[in-house]
Amino acid sequence: MSQQRIVVIGTGSRVGKTVFCAGLVNLLGAKFWKPVQAGLEGETDTERVARLASLPCNRIIPERYRLQTVGLSHFSAELDEVRINTNSLDIPDTGGQPLVIEGTGGPMEPLNCGMLYIDVVEKWRIPVVLCASTEMGTVNYSLLSIEALRRRQIDVLGIVLIGEKNPEAVRAICEIGRVRWLGRLPWIAPLSGETLQAAFKASFLRDDFMP
């Protein structure tokens with residue numbers, strides 16, 4: 001467990017992967033890192049994870065890029081007159097502790113005009129947990145993401161569904177995509193550290209996230 005590292009990627013934006021990351025960090029006793037943050041108004045994703053998981057500062061690794069505008073990373077960087085250098089996104093040393101890395105958008109999101117997020121994940125060579133919504137269209141988005149990851153020979157540890165129950169979607173994704181289902185995180189209201197921890201305890205097993 002001490003060397004465990006996982007990348008959490010969504011099939012797209014706003015599927016709930018930040019909340020999932022907060023639960024996973026606590027489940028694994030891990031550090032958290034989001035390399036690229038696009039949007040600084042209000043609570044950032046790193047700040048949200050830290051709050052929901054009650055993480056001390058020594059379990060938060062600062063972002064390499066903090067971009068002002070919400071949106072696609074490469075576009076936000078252009079507005080800030082910054083170019084994201086993917087060579088600077090090497091995995092930080094965690095001193096032997098597990099690490100959860102939150103991706104930006106979906107696997108094919110551009111980081112600059114020449115590199116996609118999946119290019120960086122391919123270089124890292126660590127397992128991916130794919131987060132998908134349970135809403136309409138999720139089967140298509142999930143299978144496309146799984147295929148893209150596997151073409152790069154990236155290890156897909158499994159898929160997590162976030163939202164209301166959708167057993168038909170789970171069955172289709174797992175059977176057609178030949179991927180393991182890790183569990184479903186329901187929408188949580190009210191959302192707090194306590195309610196998230198309770199939902200994670202009911203929905204996920206720590207051993208399922210072992211590489």
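**Close-up views of a predicted model**

**View 1. Helix α5 packs with helix α6.** Helix α5 (residues 138-151) and helix α6 (residues 167-177) pack at an angle of about 25 degrees, and their axes lie 10 Å apart. Axes are lines fitted to C-alpha atoms, for helices over the stretch in contact; angles run from 0 to 180 degrees between N-to-C directions. So α5 is roughly parallel to α6 (angles under 35 degrees). Helices are DSSP runs of H or I with at least four residues, and strands are runs of E with at least two, numbered from the N terminus.

This is a predicted model: local features need pLDDT of at least 70, side-chain atom pairs count only at pLDDT 80 or more, and totals for chains, interfaces and linings use all residues. Residues are numbered from 1 along each chain as its sequence is written, and side-chain values use heavy atoms, with hydrogens and water left out.

**View 2. Residues of α5 meet residues of α6.** From α5 come T138, V139, S142, L143, I146 and R150. From α6 come A169, A172, I173, I176 and G177. Contact means heavy atoms within 4.5 Å.

**View 3. D119 sits in helix α4.** This helix spans residues 117-124. D119 is buried, with a relative accessible area of 18% (buried is under 20%, exposed over 50%, partly exposed in between; 1.4 Å probe, protein chains only). Leaving out residues up to four places away in sequence, D119 touches G114 and R152.

**View 4. N87 lies in a loop.** The loop runs between α3 (73-79) and β6 (99-102). N87 is exposed, at 57% relative accessible area. The C-alpha atoms of N87 and L157 are separated by 25 Å. Along the chain, these two residues are 70 residues apart.

Technical notes: Parallel < 35°, antiparallel > 145°, perpendicular 65-115°, else oblique.
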